[in-house]
Amino acid sequence: MKNLLDKKEMRNIAILVVGYVFITILIKGGFLNRQYTSLLVPIAVNIMLAVSLNLVTGFLGELSLGHACFMSIGAYSSAIFTVNTNMPAPIQFIIALAIGGIFAGIFGFLIGVPVLRLRGDYLAIVTLAFGEIIKSILISMGSITNGAKGLSKIPLYSNYKNYTVVYIIMAVTVLMITNMVKSRDGRAICAVRDNDIATESIGIKVSAFKIKAFVISAFFAGIAGVLYAHNVGIIKPTTFDYNQSIEILVIVVLGGMGSIQGSIIAAIILTILPELLRGADNYRMLLYSVALILIMILNHSKIKEGLMENRTLSKLFQKRGGVQNGAS
Amino acid sequence: MALLEVKNLSISFGGLRAVDDFNISIEQNQLYGLIGPNGAGKTTIFNLLTGVYRPTEGSIELDGVSLVGKTASEICREGFARTFQNIRLFNRLTVLDNIKTALHNQLKYSLLDSMLHTPKYKQIEKEMDERAIDLLKDFDLDKEANVIADNLPYGKQRKLEIARALATSPKVLLLDEPAAGMNPTETLELMDTIRNIRDKFHIAILLIEHDMNLVLGICEELVVLDYGRVIAQGLPLDVVNDPTVITAYIGD
């Protein structure tokens with residue numbers, strides 16, 4: 001195969017490799033203190049959550065306020081597995097990842113069903129309620145989940161010492177979703193967002209693609225949950241409340257609906273920012289909120305517009321190249 | 001038997017009989033016009049044919065397959081494609097992607113191919129690009145392939161919608177007021193385009209239109225609707241000179 005990878009894919013992979021080398025240098029070179037080292041995995045988790053939520057919110061165009069619930073299902077199902085079984089670490093972790101992703105995917109399907117009947121703000125409320133239901137169930141199923149006290153002693157398979165594994169999982173997630181968006185399935189999902197009647201009229205089953213988007217989004221959020229659980233070692237139902245869902249949504253909105261690069265950058269900034277402000281002590285949350293407002297304003301300013309135009313220009317340019325190759 | 005056979009098609013909304021006993025049979029390659037005053041039920045008939053509404057009575061058979069009770073997407077796969085009175089494009093996708101979306105059922109690969117961009121994905125995407133560009137050339141839109149659909153001028157949006165409908169390889173194409181909002185030159189151009197489509201793709205075309213120049217210029221047969229009922233059917237010149245039709249349009 002002569003052109004196994006096109007320019008754009010090569011660029012994406014190159015960026016991810018450079019990112020990995022950069023982090024390795026930071027860690028091995030001792031440039032990061034303990035506080036910042038401990039942020040590496042949360043950043044990866046937030047990137048995965050934001051990119052997966054973007055699939056539903058940015059590309060399918062449905063507002064979901066329950067993304068943390070998929071994360072909690074991934075975290076709990078995998079943690080219950082690793083705490084209660086005994087097998088070699090790599091195998092156990094791989095199975096845990098599969099369990100977390102698949103269980104979250106199943107719940108993505110369940111929430112996908114009301115999605116077929118509801119739109120916009122109604123759907124947002126349903127997803128919010130769904131998240132709260134899952135939280136209550138986790139609290140009440142004390143014998144398995146240890147109730148409100150939460151699960152502890154989860155093996156730390158995905159903490160900063162194993163940052164390579166975490167990075168690879170994050171990179172694969174981002175690549176898979178980026179690839180999917182630029183494909184037959186991604187186009188169908190965007191078509192549903194832009195005009196569902198027209199989508200149906202060209203022979204695409206709208207309901208199938210709504211559910212597909214929710215399941216894929218939930219699957220990757222579940223995997224992010226697995227990484228989260230095996231990083232901190234303790235999980236409680238209250239960790240995954242609607243505040244967490246809103247935080248992910250803030251990242252997506254800040255990064256731009258339907259922009260995967262934007263989600264990644266916003267996830268990095270919004271994970272580091274609260275730590276940077278730790279010195280401000282009592283004013284920390286106030287400063288964080290002010291910073292959020294300022295970033296949102298900047299997001300709609302001329303400066304950002306200029307940057308965006310450049311990017312779309314280069315995007316168009318690359319695409320045109322691709323088409324000409326295809327046509328000739 | 002004709003390509004499309006519609007027999008005593010009717011639909012009631014509450015007490016209102018929006019379409020009453022509508023019959024039509026269209027042959028391959030035929031250009032059929034559906035006309036009538038505003039509110040006569042023309043678009044309702046399109047919605048019945050394409051599965052947006054379910055008929056209260058009647059049968060629709062396309063190439064011997066009954067379409068009643070099928071969903072809109074299934075009906076499209078059986079060979080019906082349509083455009084809309086108020087344009088419905090995928091506004092935030094490019095012109096090219098609008099067409100490629102419509103090739104969804106013609107050229108397929110799995111979700112895994114999508115996520116991994118496998119060689120199969122590349123090969124089929126390339127094929128899609130070629131087919132989409134070919135189709136865009138027919139509508140003189142190939143230069144705008146990478147423009148976001150929303151940024152196209154109105155006339156080109158209309159053309160793109162027709163091109164998108166054709167990309168689904170239909171047996172029958174339904175055009176809902178294709179000339180609405182076009183100036184006389186654009187309308188003339190559109191007439192040529194519609195004829196060319198028919199000749200190139202060998203499909204039947206049923207169109208709703210108010211522009212009588214267009215209707216008389218290209219349609220081979222006409223059916224006139226008023227208050228949901230067929231009031232005249234036949235050759236264009238006979239139909240427009242029919243006293244009942246004139247009464248329906250301009251009153252007594």
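**Exercise 1. Cysteines**

*Solution.* 
- Step 1. The cut-off for buried is under 20%. The model is a predicted one.
- Step 2. Over all chains, the disulfide count is zero.
- Step 3. For B:Cys76, the nearest cysteine sulfur belongs to A:Cys190 and is 19 Å away. A disulfide needs the two sulfur atoms within 2.5 Å, so B:Cys76 is in none.

**Exercise 2. The interface of chain B and chain A**

Describe the contact between the two chains: how many residues take part, and what area is buried?

*Solution.* 
- Step 1. Count residues. Chain B brings 42 residues into contact with 41 residues of chain A.
- Step 2. Take the area. About 3500 Å² is buried between the chains, and carbon and sulfur atoms give 60% of this.
- Step 3. Find the main contributors in chain B. B:His104, B:Met115 and B:Asn146 supply 20% of the area that chain B buries against chain A, more than any other three residues.
- Step 4. Count the polar links. There are 17 residue pairs in polar contact between the chains, both residues at pLDDT 80 or more.
- Step 5. Assign elements. Helix 2 (72–78), strand 6 (80–82), helix 3 (95–102), helix 4 (111–116) and helix 5 (119–138) of chain B each supply at least two residues of the side that touches chain A. Helix 5 of chain B gives the largest share, eight residues.
- Step 6. Sort by class. This side of chain B has 18 nonpolar, 12 polar and 12 charged residues.
- Step 7. Look for salt bridges. Three cross the interface of chain B and chain A. B:Arg92 and A:Asp194 form a salt bridge, with an N to O distance of 3.6 Å.

**Exercise 3. Salt bridges within a chain**

Locate the partners of the A:Lys212–A:Asp185 and B:Glu125–B:Lys100 salt bridges.

*Solution.* 
- Step 1. Start with the total: 22 salt bridges over all chains.
- Step 2. A:Lys212 and A:Asp185 meet at 2.9 Å, N to O. A:Lys212 is in helix 11 (residues 206–232) of chain A and A:Asp185 is in helix 9 (residues 184–194), 27 residues apart.
- Step 3. Check accessibility. A:Lys212 is partly exposed at 26%, whereas A:Asp185 is buried at 1%.
- Step 4. B:Glu125 and B:Lys100 have their closest N and O atoms 3.0 Å apart. B:Glu125 is in helix 5 of chain B and B:Lys100 in helix 3, 25 residues apart.
- Step 5. Both ends are buried: B:Glu125 at 7%, B:Lys100 at 6%.
- Step 6. B:Lys156 pairs with B:Glu144 at 2.4 Å between the closest N and O atoms. B:Lys156 lies in helix 6 (residues 154–167) of chain B, and B:Glu144 in the loop between helix 5 and helix 6, 12 residues apart.
- Step 7. Trace shared partners. A:Arg187, B:Lys100, B:Glu125 and B:Asp129 are joined into one network by salt bridges.

**Exercise 4. Positive phi**

Where do B:Asp63 and B:Tyr227 lie?

*Solution.* 
- Step 1. Recall the background. Most residues other than glycine have a negative phi.
- Step 2. B:Asp63 is not a glycine, yet its phi is positive, about 55 degrees. B:Asp63 sits in the loop between strand 4 (57–62) and strand 5 (65–66) of chain B. Its relative accessible area is 45%, so B:Asp63 is partly exposed.
- Step 3. B:Tyr227 is not a glycine either, and has a positive phi of about 50 degrees. The loop between strand 9 (221–226) and strand 10 (229–234) of chain B holds B:Tyr227. At 70% relative accessibility, B:Tyr227 counts as exposed.

Definitions and conventions. Residues numbered from 1 in each chain as written. Chains lettered and ligands numbered in written order. Predicted model: local features only at pLDDT ≥ 70, side-chain atom pairs only at ≥ 80, totals over all residues. Heavy atoms only, no water. Contact = heavy atoms within 4.5 Å. Buried area = accessible area lost by both parts, 1.4 Å probe. Salt bridge = Lys/Arg side-chain N within 4 Å of Asp/Glu carboxyl O. Polar contact = N/O pair within 3.5 Å; in protein donor to acceptor, adjacent residues only side chain to side chain. Helix = DSSP H or I, 4+ residues; strand = E, 2+ residues; numbered from the N terminus. Nonpolar A, V, L, I, M, F, W, Y, C, P; charged D, E, K, R; others polar. Buried < 20%, exposed > 50% of the residue type's maximum accessible area, 1.4 Å probe, protein only.
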